[in-house]
Amino acid sequence: MINYNNASRTYDHTRTHSDRIIDRFASRVRFTQETAILDFGCGTGNYLDRLQRAHGARCCGVEPSEGMRARAAEKNAALEVRSGDHRSMPFSGDTFDFVYMTDVIHHVPDLSVLFRELGRVLKSGGLLCVVTESHEQIQSRFYNEYFPSMAEKERRRYPEIQSLVRGAVASGFIDEGTEVLPAVLPMIVTDQFLQNVEERNYSMFRLLDEREFADGLARARKDKGRTFEAQAQATHSFG
């Protein structure tokens, strides 16, 4: 189990929003001050903060970790971030025009329960967007070279894309298609990346045994400055 209250202390050192993903959201949803947005598993509110400041929309989040919620509140007092999980979201039905999650779906133990609850709080005609990675993308992560067991562990956590689609459709959503965001920059073993590993600001680093983690971090430090090909990130939308 991962203690996200502890993780919240360093989470924002290396985690932020992606403008490319925000732009893709905006290409599908016309954001106004009247738009009601929900970020499921919002963490410290990086995406919500960006959306609220850019569009003045009603930006709400569901986050089980008290530490993460506290960080989000410090970031932007206009955010409505409440305690909850995939089984129970503390909002009335038919509340949101747009619901999204970024790098969260692999933490959910029961997708059918999640989709039923998301369908309850989403307005008729609203849009759900899941940002995640395919098994192929997981296999292509450059840091797998340093942590040999990571790709297999991650494939076990992440639902396959088509399984995800089938689950959403079975719960009453309409498949609006998958989009893969093209890679634009190479990946480099930077000081920031090394800090991210050291602080284990991605959950995958917290799931490694101590021997593999220490060995991989030592090899990555020796490779500081090394460049790898970048990978794309996928989004999936359901109406």
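A residue counts as buried here if its relative accessible area is under 20%, as exposed if over 50%, and as partly exposed in between (1.4 Å probe, protein chains only). Keep in mind that this is a predicted model, where local features need pLDDT of at least 70, side-chain atom pairs count only at pLDDT 80 or more, and totals for chains, interfaces and linings use all residues. Residues are numbered from 1 along each chain as its sequence is written, and side-chain values use heavy atoms, leaving out hydrogens and water.

**View 1. Strand β1 is covered on both faces.**

**View 2. β1 pairs in the parallel sense with β2 and with β4.**
Two strands pair if DSSP finds at least two bridges between them. With β2 (residues 58-62), β1 has 5 bridges, and Ala 36 stands opposite Arg 58. To get from β1 to β2, the chain passes through helix α4 (residues 46-55), making a right-handed β-α-β crossover (with the strands pointing away from the viewer, the path from the first strand over the helix to the second runs clockwise). With β4, β1 has 3 bridges, and there Asp 39 sits opposite Tyr 100.

**View 3. His 86 lies in the loop between β3 (80-82) and β4 (96-102).**
Is His 86 buried or exposed? It's buried, with a relative accessible area of 10%. Leaving aside residues up to four places away in sequence, His 86 touches Phe 40, Val 108, Pro 109, Asp 110, Val 113, Leu 114 and Glu 117. A contact means heavy atoms within 4.5 Å.

**View 4. Helix α8 (residues 150-157) has four buried residues: Met 150, Ala 151, Glu 154 and Arg 157.**
These residues lie on the same side of α8, because they cover an arc of only 120° around the axis (taken from the directions from the helix axis to the C-beta atoms). What covers them includes α7 (135-139), α11 (203-206) and α12 (210-222).

How values were computed
Helices (H or I, at least four residues) and strands (E, at least two) are DSSP runs, numbered from the N terminus.
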